[in-house]
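Visitor: Please take me through one part of this model closely. I would like to look at the sheet and what surrounds it.

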Amino acid sequence: MRKFNKRHSEEIQNPKSTIQNPDDAFEKMDKMYRHQRYFYDLTRKYYLLGRDRLIKEMKISDGDNVLEIGCGTARNLIILAKKHRGAHFFGLDASAEMLKTAQRKIDAKHLENITLKTALADEFSYDETFDLTGKFDACFFSYAVSIIPPWKESIENALDNLKAGKSLYIVDFYDQRSLPVWFQKTLKGWLKQFHVKYPKELIPFLASLERNGFGKLKITPLYKRYSLLAEFRKAI
Ligand SMILES: C[S@@+](CC[C@H](N)C(=O)[O-])C[C@H]1O[C@@H](n2cnc3c(N)ncnc32)[C@H](O)[C@@H]1O
């Protein structure tokens with residue numbers, strides 16, 4: 001089995017280094033979400049579109065271990081954990097503050113099939129971070145790729161921690177090309193304040209992984225290209 005951690009991202013054009021000091025990444029996210037976490041779910045439901053479509057499309061069976069990378073307040077994990085009582089859900093996030101809100105919500109719903117850890121997307125591993133003996137049956141990023149500077153390394157790390165033949169899913173902002181220009185500009189300005197940006201290289205990067213034999217890619221544009229849903233099935 002080929003290893004993704006060989007930094008495939010460095011093999012294709014990657015002009016700017018995205019490597020961050022891990023301490024900075026934890027601190028930056030805590031600073032951003034320390035107060036926002038109290039109204040995060042209420043506000044985000046109007047513009048983080050496509051999350052329910054992702055939840056609907058994910059293939060999950062009893063006994064599966066499923067990981068969300070950058071899980072925030074666990075909004076997605078809670079819906080999934082209620083829907084698939086026989087599966088176990090794991091969430092990791094750089095912000096321990098976000099995870100406090102997430103854990104509170106999980107406890108209030110008495111859900112026992114969710115485990116959370118503070119960790120970085122490009123550094124975690126199924127065994128050291130989650131104490132598991134095997135890789136994940138599914139991994140997903142929901143509006144996290146657009147906020148994680150080392151997103152390529154994070155995608156590679158997710159694939160490293162995924163079983164062969166299983167899927168990595170991504171839902172995030174797309175290019176909004178089919179929407180009015182004024183809308184594209186307004187959204188771009190709004191997202192800038194949260195350090196969020198549609199990574200133009202995302203699809204070429206995933207396509208290059210596919211070309212290099214790492215798996216099979218399916219892209220579904222949603223809401224006139226407001227957002228996109230990607231499924232990358234890891235090669236066997
Ligand atoms: C826009 S929120 C999305 C939260 C959730 N996935 C959702 O759909 O509601 C992005 C999350 O990614 C987390 N994050 C940012 N950089 C990260 C990193 N390097 N590693 C892990 N999580 C990170 C943030 O702390 C935040 O909770």
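**The sheet and its surroundings**

Guide: P22 belongs to helix α2. P22 counts as partly exposed, because it has 13 C-beta neighbours inside 10 Å. P22 and D122 are 100 residues apart in sequence, yet their C-alpha atoms are 9.6 Å apart in space.

Bear in mind that this is a predicted model. The mean pLDDT of the protein chain is 88, and 87% of its residues reach 70 or more. Residues 9-17 are the stretch to treat with care: pLDDT stays under 50 there, and the model has eight contacts for them beyond four places in sequence. Where pLDDT is low, the predicted coordinates should not be read in detail.

Now the sheet. The protein chain has nine helices and seven strands. An open sheet of seven strands runs in the order β3-β2-β1-β4-β5-β7-β6, and its pairing is mixed. β3 (114-118) and β6 (215-222) stand at the edges; each has a single partner strand, so one side of each is left without a neighbour in the sheet. On average, neighbouring strands of this sheet are turned by 15 degrees against each other, direction ignored.

β6 pairs with β7 (residues 227-234) in the antiparallel sense, over eight bridges. Within that pairing, K218 has E231 in β7 as its bridge partner. Helix α9 (residues 202-211) packs on the sheet here and touches β6 and β7. The direction of α9 makes about 155 degrees with that of β6.

The largest nonpolar core has 59 residues. I69, L77, C139, F140, A144 and L168 have the most contacts inside it. Strand β5 (residues 162-173) gives the most to this core, with six residues. Leaving aside neighbours within four places in sequence, L77 is in contact with E68, C71, F89, G91 and I114. Over the whole protein chain, 39% of the 236 residues are buried. Of the contacts with a separation of 6 or more, 74% join residues 24 or more positions apart.

Two loops deserve a stop. A74 is found in the loop between β1 (65-69) and α5. Phi of A74 is near 70 degrees, a positive value in a residue other than glycine. A74 is buried, because 27 other C-beta atoms lie within 10 Å. Y143 lies in the loop between β4 (136-142) and α7 (151-160). Y143 is not a glycine either, but has a positive phi of about 50 degrees. With 21 C-beta neighbours inside 10 Å, Y143 counts as buried.

Finish at the ligand. There are 23 residues around the ligand, and M29, G70, G72, A121 and S142 come nearest. The elements giving two or more residues to this shell are α2 (22-36), α5 (75-83) and β2. The largest share, three residues, comes from α2. That returns us to the helix where we began, the one that holds P22.

Terms used:
Residues numbered from 1 in each chain as written. Predicted model: local features only at pLDDT ≥ 70, side-chain atom pairs only at ≥ 80, totals over all residues. pLDDT = per-residue confidence, 0-100. Contact = placed C-beta atoms within 7 Å. Pairing = 2+ DSSP bridges. Helix = DSSP H or I, 4+ residues; strand = E, 2+ residues; numbered from the N terminus. Axes fitted to C-alpha atoms, helices over the stretch in contact; angles between N-to-C directions. Core = buried A, V, L, I, M, F, W, Y, C linked by C-beta atoms within 7 Å. Buried ≥ 20, exposed ≤ 12 C-beta atoms within 10 Å, placed from the backbone. Near = placed C-beta within 6 Å.
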